[in-house]
Amino acid sequence: MHPRTLERSVVIAADPDAVWALAGGFAALAHWHPHLPPVTVEDGADPEVPGAVRVFALDGTVVARELLLAHDPAARRYLYRLLDPLALPVEEYVATFAVAPHPDGAEVRWSAVYRAPDEVAARAEAAFGDGVYATGLAALRERLTSTR
């Protein structure tokens, strides 16, 4: 298993606080991401307090569980760890979702560090980087700028 990184970002013509208000909640992901199932939080935990576990399920089957490691509204950033490997054998997957000021509005960065064998790296990049991150960021930009 080799260390890997992936990152996707988008600039949105919107105030960073407005972007964070929509997308900064750990349990809010399915509200703006078009391809993710609804999120539940295990054990009724506060979804903005580290230690909360968000769960994605399709037709009653859990497809992913993620542990909130840090949530910093002042910095407009949260970190989480993938608890259960999906179909891809990745390990030590820790992701960051962050919103920062940009001259054109806000820059949203979604990134991860993880370990995976060489033969899995391209599939992980496509699944997480393109399928989840890039798709979600494009939808977020569309949602926040479509009424302008």
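**View 1. How many bridges pair strand S2 (residues 39-41) with strand S3 (residues 53-58), and in which sense do the two run?** They pair over three bridges, in the antiparallel sense. Strands here are DSSP runs of E with at least two residues, helices are runs of H or I with at least four, and both are numbered from the N terminus. Two strands pair if DSSP finds at least two bridges between them. Before going on, note that this is a predicted model: local features need pLDDT of at least 70, side-chain atom pairs count only at pLDDT 80 or more, and totals for chains, interfaces and linings use all residues. Residues are numbered from 1 along each chain as its sequence is written, and side-chain values use heavy atoms, with hydrogens and water left out. Back in this view, Val41 has Arg54 of S3 as its bridge partner.

**View 2. The hairpin of S3 and S4.** S3 and S4 run antiparallel and are joined by six bridges. One place to look is Val53, whose bridge partner in S4 is Leu67. Two residues sit between the strands of this hairpin, and Asp59 takes a positive phi near 50° there.

View 3. Is Glu66 buried or exposed? Glu66 has 10% relative accessibility, so it counts as buried; the cut-offs are under 20% relative accessible area for buried, over 50% for exposed and partly exposed in between, using a 1.4 Å probe and protein chains only. The side chain of Glu66 makes a polar contact with the side chain of Arg54, at 2.6 Å. A polar contact is a pair of N or O atoms within 3.5 Å; within protein, one must be able to donate a hydrogen and the other to accept it, and residues adjacent in sequence count only if both atoms are side-chain atoms. Setting aside neighbours within four places in sequence, the residues in contact with Glu66 (heavy atoms within 4.5 Å) include Phe26, Ala52, Phe56, Tyr80 and Leu82.

**View 4. From S5 across S6 to S7.** Five bridges join S5 to S6, and the two run antiparallel. The hairpin from S6 to S7 passes through two residues.

**View 5. The largest nonpolar core.** In soluble globular proteins, nonpolar side chains tend to be buried together. The largest such core in this model has 37 residues, and Val19, Val90, Tyr93, Phe97, Val108 and Leu140 touch the most other members. A nonpolar core is a set of buried Ala, Val, Leu, Ile, Met, Phe, Trp, Tyr and Cys residues joined through side-chain atoms within 4.5 Å. Elements that each supply at least two residues include strand S1 (2-12), helix H1 (16-23) and helix H3 (118-145). H3 gives the most, with seven residues. Leu140 touches Ile12, Val19, Leu22, Ala23, Trp32, Phe97 and Val108, not counting residues up to four places away in sequence.

**View 6. Aromatic pairs.** Rings of Phe, Tyr and Trp (its six-membered ring) pair if their centres lie within 6.5 Å; planes under 30 degrees apart count as stacked, over 60 as edge-to-face and the rest as tilted. By this rule there are 11 aromatic pairs. Trp32 and Phe97 make a tilted one, 5.8 Å centre to centre with 40° between the planes. Trp32 lies in helix H2 and Phe97 in strand S6, so this pair ties together parts 65 residues apart in sequence. Both Trp32 and Phe97 are buried. Tyr93 and Phe128 form a tilted pair too, at 4.7 Å centre to centre and 40° between the planes. Because Tyr93 lies in strand S6 and Phe128 in helix H3, this pair ties together parts 35 residues apart in sequence. Tyr93 counts as buried at 3% relative accessibility, and Phe128 does at 9%.
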